[in-house]
Amino acid sequence: MSQLTQFGLLADYNQWMNQKVYQAAARLSEEALKQDQGAFFGSVLGTLNHLVVADTIWLKRFALNAACSRALQPMLEQPDPTSLDQCLFQDLTCLATHRQWLDKHILCFISELQESDLDTSLTYRNTKGIVFSKPLSSVLMHFFNHQTHHRGQVSTLFSQLGEDIGDTDLLLLINNVDI
């Protein structure tokens with residue numbers, strides 16, 4: 001399986017898991033969503049907002065890369081988040097709608113990449129203004145790993161609130177091969 005196919009699988013997994021997470025979040029009360037449970041971003045809503053903030057930051061960076069620019073042009077119209085813990089949406093419905101919009105752009109972005117694009121570098125400034133230049137393929141791996149990391153935290157918060165989101169394994173999206 002090519003590296004680009006792997007990123008396509010991760011983009012599909014990202015969308016699938018976000019749907020499961022937001023369906024579970026919709027079953028919680030507003031109070032439970034906002035309850036500070038001692039997680040790094042406090043609550044379920046805080047952690048889901050962080051994922052949107054971080055994805056927005058990275059997608060805007062990707063949009064400035066020549067290999068990525070076409071699919072992500074709408075990201076450049078989005079306001080820059082002011083902090084990693086910024087609460088962009090207090091309302092779960094609005095947050096979920098924006099999450100779906102982001103996931104659609106992630107899928108388009110990955111589907112338009114060419115294998116050769118993965119060998120290019122992404123030069124960007126971090127949130128402290130420090131310039132980095134790293135292989136696009138490695139940064140994409142970080143992008144998807146970051147999402148998985150924080151969804152794992154949300155899964156734990158759901159468990160603490162008595163909400164089961166069901167199976168979350170990437171393995172469920174991988175097709176069987178003939179043996």
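Predicted model: local features only at pLDDT ≥ 70, side-chain atom pairs only at ≥ 80, totals over all residues.
Local features here need pLDDT of at least 70, side-chain atom pairs count only at pLDDT 80 or more, and totals for chains, interfaces and linings use all residues. Residues are numbered from 1 along each chain as its sequence is written, and side-chain values use heavy atoms, with hydrogens and water left out.

**Helix pairs**

Two packed helices are described by the angle between their axes and the distance between the axes. Axes are lines fitted to C-alpha atoms, for helices over the stretch in contact, and angles run from 0 to 180 degrees between N-to-C directions. Helices are DSSP runs (H or I, at least four residues), numbered from the N terminus.

| Pair | Angle | Axis distance |
|---|---|---|
| α1 and α5 | about 25° | 11 Å |
| α3 and α5 | about 170° | 9 Å |
| α4 and α5 | about 155° | 14 Å |

The directions can be named with cut-offs: under 35 degrees is roughly parallel, over 145 roughly antiparallel, 65 to 115 roughly perpendicular, and the rest oblique. Helices α1 and α5 are therefore roughly parallel. Helices α3 and α5 are roughly antiparallel. Helix α4 is also roughly antiparallel to α5.

**Helix α1 against α5**

Helix α1 covers residues 3-26, and α5 covers residues 136-160. Their crossing is left-handed. That term applies if the near helix is turned anticlockwise from the far one by less than a right angle; clockwise would be right-handed. Contact means heavy atoms within 4.5 Å. On the α1 side, the contact residues include Phe7, Leu10, Met17 and Val21. On the α5 side, they include Leu140, Phe144, Arg151 and Val154. By class, this contact has 13 nonpolar, six polar and one charged residues. Ala, Val, Leu, Ile, Met, Phe, Trp, Tyr, Cys and Pro count as nonpolar; Asp, Glu, Lys and Arg count as charged; the others, Gly among them, count as polar.

**Helices α3 and α4 against α5**

The contact of α3 with α5 has 14 nonpolar, seven polar and two charged residues. Helix α4 crosses α5 in a left-handed way. Here Ile106, Phe109 and Ile110 of α4 meet Leu140, Phe143, Phe144 and Gln147 of α5. That contact has six nonpolar, one polar and no charged residues.

**Inside the helices**

Buried means under 20% relative accessible area, exposed means over 50%, and partly exposed lies in between (1.4 Å probe, protein chains only). Val154 sits in α5. At 0% relative accessibility, Val154 is buried. Val154 touches Val21, Val44, Thr47 and Leu48, leaving out residues up to four places away in sequence.

Asn49 belongs to α3, residues 44-63. Its relative accessible area is 0%, so Asn49 is buried. Its contacts are Gln86, Cys87, Leu88, Phe89 and Leu95, again not counting residues up to four places away in sequence.

In α4, the buried residues include Leu95, Leu102, Ile106 and Phe109. Their cover includes α1, α2, α3 and α5. At 56% relative accessibility, Thr93 is exposed.

**Helix lengths**

The expected span is 1.5 Å times one less than the number of residues. The 21 residues of α4 should therefore span 30 Å, and its end C-alpha atoms are 30 Å apart, which agrees. The 25 residues of α5 should span 36 Å, and its end C-alpha atoms are 37 Å apart, which agrees. After α5 comes Gly162, with a positive phi near 80°.

Definitions and conventions
Helix = DSSP H or I, 4+ residues; strand = E, 2+ residues; numbered from the N terminus.
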